[in-house]
Amino acid sequence: APAKARPERPDVYAHDRPGMLSPAVRGFPPRVYVPNSDSDTVSVIDPRTYRVIREFPVQGRPQHVVPSWDLKTLWVNNNEGNTLTPIDPRTGEPGRAVPVDDPYNLYFTPDGRTALVMAERNNRLDFRNPRTMRLRRSLPMPCRGVNHGDFTADETVFLASCEFSGQLVAVDVAARKVRAVVDLTQAKAPHGHPHTEKARHAMPGGHTTTGTRGSMPQDVKLSPDGTTFYVADMTRNGVWLVDAKDFRVKRFVKTGAGAHGLYVSRDSRLLYVSNRGAGSVSVISFARHRPVATWRIPGGGSPDMGGLSADGRRLWLSGRYHGEVYVFDTGDGRLIRRIPVGAGPHGLAVYPQPGRYSLGHTGIFR
């Protein structure tokens, strides 16, 4: 009898392969949009020439540039300016800023019906109209400093990191309720070994927060098979692996000082981790659950947030404390460009990228 074909493993990034650009972005010129937090500007880079082709002012500490769910708009998150500035990615022109309280970061529910504003200093998750950004409801967070997140494979739960209290919060997006809290400050997993810190399940008004000395979680990214959340931890200098079903901490993987941003390769095999303090990028194999390479910036640097080129051959990262942007060749890990930009470059967006819709941040596509 013929051997049975192996069932294909699910891949939440199956629509993010090179060349799989949505018709919605047809005709958009490739650009890299860099929010300069300390100079209140956005630099626009032509990735073909590696040159800054324009720069425009925005209001009050821009943190991230976020593609809208429908892929048609880029939103600059002006955290201290309490506004979102829309950019037309067809022309690169900014539009009139929209009033939004404390927009540190921005996500969208997978059905596209709701924008999720990470109001970091106000410790809230704000549910807004994804087009007008009008407030619908605020959900107080049982933690401090909510800032990054990602969705489960079934798109029902949003796992958010809270950097100032060292916690993760699982939010049921349909019910708009907190389902569980994971305290990473209490997790003591040795490097690469399993740990089974159980999530504390949410009870109304029953939460306290702890200090940041033990943990400072940053970017969150779901594994391609949907089983595990990877969470960068800036003070633990590595990445937590958290079960996507019960939110138990499974293991910790050391990468480098100041582990910060997480990016999945276009073939879904690798996770790129920017180590802001170490001036390096760690390359983690999803199959092996450990780093298989380290890319170092000659002379040092501060790689922060960014994204992959549409073909996956370049990784673009902001140099947070160096006023520059780094471009890595993902084939051999070489740093091929350092591009001067404004002061305090943060959540840059490479655009357009493959995918059917955007879940937010600097580009989480499904």
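**Strands and pockets in a predicted model**

An open sheet of 4 strands runs in the order β27-β28-β29-β30, and its pairing is antiparallel. The two edge positions belong to β27 (303-308) and β30 (335-340); each has a single partner strand, so one side of each is left without a neighbour in the sheet. On average, neighbouring strands of this sheet are turned by 25 degrees against each other, direction ignored. The structure described here is a predicted model.

Within this sheet, β28 (residues 314-319) pairs with β29 (residues 324-329) in the antiparallel sense over 6 bridges. Here G319 stands opposite E324 of β29.

A further antiparallel pair is made by β11 (residues 124-128) and β12 (residues 135-140), which are joined over 5 bridges. L125 faces L139 of β12 across this pair. The two strands form a hairpin with 6 residues between them, and M133 in the turn has a positive phi of about 65 degrees.

The pockets may be considered next. The largest has a volume of about 440 Å³. Its lining consists of 19 residues, of which R9, P224, D225, S268 and F286 lie nearest its centre. By class, this lining comprises 7 nonpolar, 5 polar and 7 charged residues.

The second largest pocket holds about 320 Å³ of space. It is lined by 21 residues, and P30, P47, S309, A310 and D311 are those nearest its centre. The lining of the second largest pocket divides into 12 nonpolar, 3 polar and 6 charged residues.

Terms used:
Residues numbered from 1 in each chain as written. Predicted model: local features only at pLDDT ≥ 70, side-chain atom pairs only at ≥ 80, totals over all residues. Heavy atoms only, no water. Pairing = 2+ DSSP bridges. Axes fitted to C-alpha atoms, helices over the stretch in contact; angles between N-to-C directions. 1 Å grid on protein atoms, 1.4 Å probe; cavity = no way out; pocket = protein on both sides within 12 Å on 5 of 7 lines; lining within 4 Å. Points joined across faces, edges and corners; volume = space filled by probe spheres on them. Nonpolar A, V, L, I, M, F, W, Y, C, P; charged D, E, K, R; others polar.
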